[in-house]
Amino acid sequence: MKTILGYTLGGALLTGLAVAGAETGSMQPISFIAKAQAQAAGGPTLENIKKYGKLRCGVNTGLAGFGAPNDKGEWAGLDIDLCKAVAAAVFGDVSKVEYKPLNAEQRFTALQSGEVDMVSRNSTWTMSRDTQLGLDFPAVNYYDGQGFMVRKEAGVKSALELKGATVCVQEGTTTEKNLGDYDKTNNIGMNPPAKFKDSDQARGAYDEGRCDAYTTDASGLAAERTALKNPDDNIILPEIISKEPLGPAVRNGDSQWADIVRWSFFAMVIAEEKGITQANVDQIKSSSQDPEVRRMLGVEDKMGEGMGVGNDWAYNIIKQVGNYSESFERNVGKNSPLKLERGLNALWTKGGLQYAPPIR
């Protein structure tokens, strides 16, 4: 249980006041106490999800490669694949997901209130969010950093040259605060930023020429550039001004549910390490003598039961979603319009940061 100014905060049960905007230090009344109490009284998150029959996953309102409807109207993206992986672990069926589009301002309140069971929408794991909002961040599915995009015709080669520039930014995000810190630390002298409720508005204002630059996570800039009227007329500057470990969030106080989300992602990472794909998982399940592979795929031991799911939890994830590499490449990597490099998101064996504890 966590206490903030004398009020108790724990799991989905919040009584009194909670921080709705921890980064600003403001305390705001909770309007969802009754709903949160009812959710908590109903039992652990997994039990409630099974009763509901679907995973309620908070996702982006639309960010190419990470979370957006595709040309068939189906939700797709790196973050969407994580929602699907969790559904596969719980239900054995990736279709058992109800997607809830949420903007930056809505996302954590929706999670705190019990409107969604997890948030998977390019959210940065920060200290204040982890310690003051009653949230947990079980994993990092994309290591990122904040950057800037400008029009080529401006002739700007560095973010340090943005003196007097007006920068479009989404308000209520770490991006907004990082921008202010970077300007102050480097004594650049930017104009006050142009703030917008969601990324579509910020990108649109930049595209209309109302801002000199646009800032968000570097992966987000790559995605947003594809939606501009003339993408090739815009460049992403070289500076990365922050650490942005992006990952899913769950309510604090339910370690079982956090474990399910965490290990659903780790199963994808380990599958890549072991060379297990959607195409060969059946063959490997029937023939592999690797003890960890056999444990992961449910051939021996009962690893799933320890989390409250079936022992074929990881098999279902790999078979229906794929390993981390497959998800990365089709959504944001070489097989996608974004064509992002793995970089920090490569496996630890290849110089990256993606590393999963052993299944033992």
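Is Cys168 buried or exposed, going by relative accessibility? Cys168 counts as buried because its relative accessibility is 0%. Keep in mind that this is a predicted model.

## The Cys168–Cys211 link

Cys168 is bonded to Cys211, with an S to S distance of 1.8 Å. The link is right-handed, at 75 degrees about the S-S bond. Cys211 has a relative accessibility of 1%, so Cys211 counts as buried.

## The Cys57–Cys83 link

By the distance rule there are two disulfides, and another pairing to look at is Cys57 with Cys83, where S to S is 2.1 Å. This link is left-handed, with -65 degrees about the S-S bond. It connects distant parts of the chain: Cys57 belongs to strand 6 (residues 55–59) and Cys83 to helix 3 (residues 78–91), 26 residues apart.

Cys57 counts as buried because its relative accessibility is 0%, and Cys83 is buried at 0% as well. Counting bonded cysteines along the chain, the pattern is 1-2, 3-4.

## Glu239, buried without a salt bridge

Now for a charged residue. Glu239 lies in the loop between strand 17 (234–236) and strand 18 (244–251). Glu239 is buried but has no salt bridge; Lys157, the nearest side chain of opposite charge, is 12 Å away.

What Glu239 does have is a side-chain polar contact of 2.4 Å with Ser158. The Glu239 side chain also reaches the backbone nitrogen of Ala159 at 3.0 Å. Leaving out residues up to four places away in sequence, Glu239 touches residues including Gln146, Gly147, Leu160 and Tyr182.

Key
Residues numbered from 1 in each chain as written. Predicted model: local features only at pLDDT ≥ 70, side-chain atom pairs only at ≥ 80, totals over all residues. Heavy atoms only, no water. Helix = DSSP H or I, 4+ residues; strand = E, 2+ residues; numbered from the N terminus. Buried < 20%, exposed > 50% of the residue type's maximum accessible area, 1.4 Å probe, protein only. Lys, Arg positive; Asp, Glu negative; His and termini not counted. Salt bridge = Lys/Arg side-chain N within 4 Å of Asp/Glu carboxyl O. Polar contact = N/O pair within 3.5 Å; in protein donor to acceptor, adjacent residues only side chain to side chain. Contact = heavy atoms within 4.5 Å. Disulfide = S-S within 2.5 Å.
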